[in-house]
Amino acid sequence: MQNIIETHDLTFHFRGKKNAVTGLNLNVPQGSIYGFLGPNGAGKTTTIRMLAGLLFPKRGIVKMFGNNISTHKRYARSHSSTMIEEPTAYKHLTGRENLEILCKAGMFDKTQIDQVLRTVNLFEDRHRKVSGYSMGMKQRLGIAGALLPNPELFILDEPTNGLDPQGMFEIRELIVDLNKKEGKTIFISSHLLGEIEKMCTHVGIIHQGKGIFEGSMDELALMAHATKLFRLETSEPQKAESILKDRYNTKLTHDKLVEIQPADSTDQYNAIKMLINQNIEVYQAFTIKNNLEELFIQVTDEGQNK
Ligand SMILES: Nc1ncnc2c1ncn2[C@@H]1O[C@H](COP(=O)(O)OP(=O)(O)O)[C@@H](O)[C@H]1O
Ligand SMILES: [Mg+2]
């Protein structure tokens, strides 16, 4: 599968500040819904501004459709569409009038406007002023603007930010439809793993400007499985930790539970046996449900320790 976006060693810092993005390598397959996941301040918007050609990398390159965008800017621009953070619109104009202005500015086909309004479910409200739109409607109008040029690739920066659950659901439906029915590749950033899990085929995780994971959703799930944790509540947590440390990757949690990473259930059984043999009482032993949220906390924790 061909990559629609590739970055190599992408790096940027704002004047006088430490790097906002460091050595980032992204591989976004054609036809994917790629979730670009990271907590607030991780460097998502900065990365997206570089993808859109709005910021110049201090180091590294961005390839789009196989070409370096610094030498093929026009091609990249005309085949992709970017919506960054909260989209802006003229509030005293109607939704439709806003799209008419965009068409004029970008020389897009005006006859598309109504179709695009239907796609984002704003057709009924097209003659209302944007000042009376809800947050979700404004967000959908922003997406409508990005749809006008009918590009192959959409780059959406936190399009569900600030929306209520219904608004988030509608945007997700829209994104999945664009991908499934029209074959568009969609690169979408979010700080919510739950959002990414619900709609994406691939994921890249960024933390403090660095890429810490990239792969398919299945690979992420596999990794989550591989990092299963086993926790023990004991009479002597410190002693228990020092006993298990020799054999397992061990740590003591804030609430004084001893945590190990077992390879299988024999490991779990042996850990309990080792403690009991040393006269440590084991009150409780449990495996942590390994959902992706847990993994996300783990990977971001690890990122922080680097
Ligand atoms: N215009 C700016 N000037 C200085 N620092 C900035 C600017 N924009 C973002 N940053 C800093 O760069 C880092 C990454 O920010 P950003 O890319 O906006 O993260 P995200 O979109 O993941 O929340 C943060 O530390 C942020 O404070
Ligand atoms: Mg941002």
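A: A nonpolar core is a set of buried Ala, Val, Leu, Ile, Met, Phe, Trp, Tyr and Cys residues joined through C-beta atoms within 7 Å. A residue is buried if 20 or more other C-beta atoms lie within 10 Å of its own, exposed if 12 or fewer, and partly exposed in between, with C-beta atoms placed from the backbone. The model is predicted: local features need pLDDT of at least 70, side-chain atom pairs count only at pLDDT 80 or more, and totals for chains, interfaces and linings use all residues. Residues are numbered from 1 along each chain as its sequence is written, while chains are lettered from A and ligands numbered from 1 in the order in which they are written.

Q: Which residues touch the most other members of the largest nonpolar core?
A: They are A144, I155, I186 and F187, in a core of 52 residues.

Q: And what is I186 in contact with?
A: Leaving aside neighbours within four places in sequence, I186 is in contact (C-beta atoms, placed from the backbone, within 7 Å) with I33, Y34, F154, L156, I175, L178 and N179. A second, separate core has 11 residues, including L232, I243, L257 and L275.

Q: How is the chain divided into domains?
A: Domain 1 covers 3–215 and domain 2 covers 228–289, with bounds from an automatic or database domain assignment. Their centres, taken over C-alpha atoms, are separated by 45 Å.

Q: Turning to α5, why is it described as largely enclosed?
A: Helix α5 is largely enclosed by the rest of the structure because 10 of its 13 residues are buried. Helices (H or I, at least four residues) and strands (E, at least two) are DSSP runs, numbered from the N terminus.

Q: What do those buried residues pack against?
A: The buried residues of α5 pack against β6 (80–83), α3 (95–106), α4 (113–119), β7 (153–157) and α6 (165–182).

Q: Is Q115 buried or partly exposed?
A: Q115, found in helix α4, is partly exposed, with 14 other C-beta atoms within 10 Å.

Q: Now the ligand: which residues are around ligand 1?
A: Those with a C-beta atom, placed from the backbone, within 6 Å are F14, K17, A20, G38, N40, G41, A42, G43, K44, T45 and T46. Helix α1 (residues 44–51) gives the most to this shell, with three residues.

Q: Finally, how many helices and strands are there?
A: The protein chain has 11 helices and 14 strands.

Technical notes
Two residues are in contact if their C-beta atoms, placed from the backbone, lie within 7 Å.
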